Amino acid sequence: MELAPRAPLKAPVTAPDRDPAWLARVFWLGASLVLLWPLMVATEFRPWILVEPANLKVTGQFLATFLPPAHSPEFLAMVARESWRTVAIATAGMTLALVIALPLTLLSTRALSVSALSGRMARGPFWLRQAVRGLLIVLRSVPELVWALVFVRVVGLGPTSGVLAIALTYGGMLGKVYGEILESGDVHATQTLLRNGSSRLQAFFFGLLPQNAAELTSYTVYRWECAIRSSVVLGFVGAGGLGQEMDNSMKMFHGGEVFTMLAVFVALVALADRVSAGLRKSLG
Amino acid sequence: MDRSPAANPPYRLPPPLFNARCRACWFSAALALLVVASFWSLNLQWAQFLSLDAARSMGRFGAEFFPPDTSPEFLRKVAVGTWETLAMSALGTVLAAAGGLLLALPASRLHADDSAPGRGATRLLLNALRAIPELVWAGLLLIAAGLGPFSGTLALALHTTGVLGRLFAEALENAPPGPAAALRAQGVRKTAVFLYATLPQVLPQLLSYTLYRWENNIRAAAVLGVVGAGGLGQLLSFHMGLFHMGKTATVLGAMLLLVAAVDALSYGARRWMTR
Amino acid sequence: MKLELDGVAARHPAARPDAAPALQPLRLQVAEGEHVAVIGPSGAGKTTLLMVLACAMPPAAGTLQVGGQNPWVMPRRALQRLRGRLFLAPQTPPLPPRQRVVTAVLAGRLPSIGLWASLRSLFYPSDIPAAHAALEAFDLADKLFERVDRLSGGERQRVGLARALLAPAALWLVDEPLSALDPTRSRQAMQTLVQQAQARGVTLVATLHQVDMALAHFPRIVALRDGRLAFDLPAAEVTRDQLERLYAQHEHELLGAPAPADHAAPAAPAPAPVVMHCR
């Protein structure tokens, strides 16, 4: 089937012959390629190392030890014990994080500001709130692994350093998000209580908390699940639990044990994810 | 007997604190049990931590951090470590964005009649990549790729591919279907439909996810060095092992600055993109 | 491209499989190069008819023949080739918001260019003069390098129509081409569309809400009501009486109320809030 020839259009306005965005595109493409090169140099990015014969042999030997996965009863019992310990570290860490976060949230939230009831917040309270926020930022920014390293030096190996590291970092995270949740909710009830003379704590318990309890709990449960993953990572620097056993097995090239522990870890995280999602759904 | 209602009806008692029929009660009870069991089974060294002795030794320990070592040669080493960490996080994130996009295509059902073979398998792969933390990947890759930032980059790339792949697949599935449907009605091949209709719509969101993930990856890259993957983490664990607290303080300061800088860059880039 | 429908019934594209058909068994024949306007009150099945003609969904009953072939018994590759020879312009312009107009218009050509050429065209538009000429026909030439989301609704609709001028199609199926245009622009766009279709010998089937436009520009009017064919007459023979009966209980549409947005088109699902894991 042939198309009829195109009819001549109206008196033609001259079409532009160049794409005006072309130069900009070429520039950005070139700039990104130019930037990529030093990145690859700095990270010693040499993918061919992976397939060098010597490395391949070591990798192959290690991978070969993965199967069969270790499944002796004592090993499985140890894995179960360490998994419980991981969950315990996460739970204890989260509890302490709550203890840290709640007072800091109360100190930093604008909704409980008495001076802001009648116009702008006064200078003193404003800077106090900013300082508390700064503290929360510092707590959040230091990776928990670094805290764990420091605490291992102070209190020795074991779960205490893990619990403290999680407590500090997650305290910062919880404090920040709690503050955001409290401020984004409806503050009318709370402000009315403050206006009528109740204290800040009263206003919190009778106004802010009931309103936002579901969201706060939901986020805390979600963070608890993240804490379980963190506590496995912290085990690599001596905080005990599944991570520490995994580190030991990896150093000794016992692939079967690593495989079992990885599988248990993935299952544990999936279970925690399920529990957390279920809890969050029933909270509404 | 006079059955008229009493002038003052009796007060109702408040509901009991724990009612066997109330699910929330059981939940709170289970939670309390979990918390108590955690603290009890861990056998934490409270005495060691909270005693006056411990406070004093912690104070001494804290004092060793100051003054931080700011000698020029050490600062140069820290600068090199910072650059290495930054490069690890950036390259790892870029590789993960590419890998994530490639894997997101089979992992998403782009339209109602898309048979999407391999969706289940790809999603499983992405979940597996995501579930294993970066540090564990780094530990495994050290065996294959040796010490140094290469394994760190690969570890970040693998884990982040799982994360971004899943996010990208969901973004692709939620893209408005109109433009793609019109091109499909014209019989355009699948790849061209994706490039001309689906990708232009989701690209800003994909870039936003990638930049947001970079903020996380800079923190992860900073600590991967602790297992030997180079960068600031390796410097940190080296000097902490030798109890050079002044140098450790400098490295910690550099880490904080780097994290803050990347956070600001990422936020600024995301703002610029949605102008 | 000639069209033949014989007892074709079809469900609405977004309806459930067990829903009642939006289009009752219909018999229709369109000759090559003919221009047909499809009118009727909302919910009459006009969009469903267009979808069936565009081979976008198989009819629930009856046979469809497009260009002398039944698209639903052809092998897939042949069906794709057939689709390349038709062009469907939906009511909502199918343009990605952040794409530039030049790329959006050139996308009309995709069925006839290879993969490598389409990739190249993404980086540098392969035929700027052709895109310019197509936009010029709809008085939009100055918007050539603009982003689609910076255009008004009416301009976007005209860009969607301009795509047709670049498509290698012998059949144009246009759904409500004038819904976002003011009367002057409507007249211009309609004239351009009809003139271009005439010049290329393209079969044109357009659904229209503006009955006066349909009567003015199309030689043949097909009227649908409740999924059934109400009448199929040359425009000159359509009487006021017939129109009033067609639009009974929908008089406001006959009197020129703006066409209701295609309520059955599935609204873009709100992007589900994605949980960023652990940060």
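This briefing covers the chains and their interfaces in a predicted model. Local features need pLDDT of at least 70, side-chain atom pairs count only at pLDDT 80 or more, and totals for chains, interfaces and linings use all residues. Residues are numbered from 1 along each chain as its sequence is written, while chains are lettered from A and ligands numbered from 1 in the order in which they are written.

**Chain A**

- Chain A has ten helices and zero strands. Helices are DSSP runs of H or I with at least four residues, strands are E runs of at least two, and both are numbered from the N terminus.
- Along its principal axes, the C-alpha trace of chain A spans about 85 × 75 × 45 Å.
- Buried residues make up 37% of the 284 in chain A. Buried means that 20 or more other C-beta atoms, placed from the backbone, lie within 10 Å of the residue's own.

**Helix α1 of chain A**

- α1(A) is hardly covered, with one buried residue among its 21.
- A:Glu44 follows α1(A) and has a positive phi, near 50°.

**Interfaces of chain B**

- With chain A, 44 residues of chain B are in contact with 42 residues of chain A. Contact means C-beta atoms, placed from the backbone, within 7 Å.
- The side of chain B that touches chain A has 33 nonpolar, nine polar and two charged residues. Ala, Val, Leu, Ile, Met, Phe, Trp, Tyr, Cys and Pro count as nonpolar, Asp, Glu, Lys and Arg as charged, and the others, Gly among them, as polar.
- With chain C, 26 residues of chain B are in contact with 31 residues of chain C.
- α9(B) gives the largest share of the side of chain B that touches chain C, ten residues.
- That side divides into 16 nonpolar, seven polar and three charged residues.

**Sheet of chain C**

- An open sheet of three strands has the order β2-β1-β4 in chain C, with antiparallel pairing. Strands pair if DSSP finds at least two bridges between them.
- β1(C), residues 3–10, and β4(C) pair over five bridges.
- C:Glu4 stands opposite C:Gln65 in β4(C).

Terms used:
Contact = placed C-beta atoms within 7 Å. Buried ≥ 20, exposed ≤ 12 C-beta atoms within 10 Å, placed from the backbone.
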